[in-house]
Amino acid sequence: MIADKKEFFGGAAMLVGFFIVLIIMFCPIFEGKNALNYLDSLYNSISKGSAYYIPKLKKEVADFVGDPISVVVEMKNEKQAEETALLFTKAGAEANVSGNQLSIKGDFKKIMENCLDDSDNMFNNNGNVLSEKYGYPEKNVMYNWHSVCKMMEVDLVKQKRVKAAKIITSVSKKAIECSYNYYKVVPQKISEKAGIVVFSLVFYVIYTMWYGFGILFMFEGWGLKLEH
């Protein structure tokens, strides 16, 4: 009961072609990856090239020269508190552990500079520098920096040290989180992959329309019509 066989089978052929391409896209033929994983890696590497804020943050931190801070934070457990204490002692600060509680006193500028140095190494895929420096895995180091900075921010706001708290927020989002998320991603400039980027965007639009028109032609060929 097909109203227009030519249109119906044309739409069916389009859908068959659509699913053949879809199967190819899920095959690991793009540098050992499927198309989705390959493009995900590509866009991550391109975005990493435009997410390097650490030099600017170092300039902002430099304004806090000779500015001491004193905060008390609570980590998840004693082990994390002891590991986190090393982040501050390496910056010349005093860090005392009592159970899961960590009392920190030191130069705010030096503490933040140490955090940014660690973030810089992580961002540039030199995680071994961190693991050798602190004696435990580099991802745990950055996780501890992120955890303690969030708690320091809260304590500093209570002390009405709003400017210092804002810097910690910026460092957490633009340095610690970026370096952690982009770890082991090799940055690339979009100009180096312009052809692939343009092709992938154009292909996405065409491929989406391809499926839509395939469905449309099949239903119209079948005799179904949309009417007001």
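Colleague: Where does Lys 160 lie, and between which helices?
Modeller: This is a predicted model, so local features need pLDDT of at least 70, side-chain atom pairs count only at pLDDT 80 or more, and totals for chains, interfaces and linings use all residues. Residues are numbered from 1 along each chain as its sequence is written, and side-chain values use heavy atoms, with hydrogens and water left out. Helices here are DSSP runs (H or I, at least four residues), numbered from the N terminus. Lys 160 sits in the loop between helix 7 (138-158) and helix 8 (162-181).

Colleague: What is the phi of Lys 160?
Modeller: Most residues other than glycine have a negative phi. Lys 160 is not a glycine, yet its phi is positive. The value is near 65 degrees.

Colleague: Is Lys 160 buried or exposed?
Modeller: Its relative accessibility is 73%. The classes are buried (under 20%), exposed (over 50%) and partly exposed in between, with a 1.4 Å probe and protein chains only. Lys 160 therefore counts as exposed.

Colleague: What is the phi of Lys 184, and where is that residue?
Modeller: Lys 184 is placed in the loop between helix 8 and helix 9. Its relative accessible area is 62%, so Lys 184 is exposed. Lys 184 is no glycine, but its phi is positive, at about 70 degrees.

Colleague: Which helix holds Trp 222, and is Trp 222 buried or partly exposed?
Modeller: Trp 222 belongs to helix 9 (residues 194-222). Its relative accessible area is 47%, so Trp 222 is partly exposed.

Colleague: Which element gives the most to the lining of the largest pocket?
Modeller: A pocket is an open set of points on a 1 Å grid where a 1.4 Å probe fits, with protein on both sides within 12 Å along at least five of seven lines; lining residues have an atom within 4 Å of a point. This pocket has 15 lining residues, with Met 25, Ala 35, Leu 39, Ser 200 and Phe 203 nearest its centre. Helix 1 (5-25), helix 2 (35-48) and helix 9 each give two or more residues to the lining. With six residues, the top contributor is helix 9.

Colleague: How far apart are the centres of domain 1 and domain 2?
Modeller: The bounds come from an automatic or database domain assignment. Domain 1 covers 5-30 + 189-222, and domain 2 covers 55-182. Taken over C-alpha atoms, their centres are separated by 48 Å.

Colleague: What distance in space separates Asn 121 from Leu 156?
Modeller: Asn 121 lies in helix 5 (residues 108-123). At 23% relative accessibility, Asn 121 is partly exposed. Asn 121 and Leu 156 are 35 residues apart in sequence, and their C-alpha to C-alpha distance is 27 Å.
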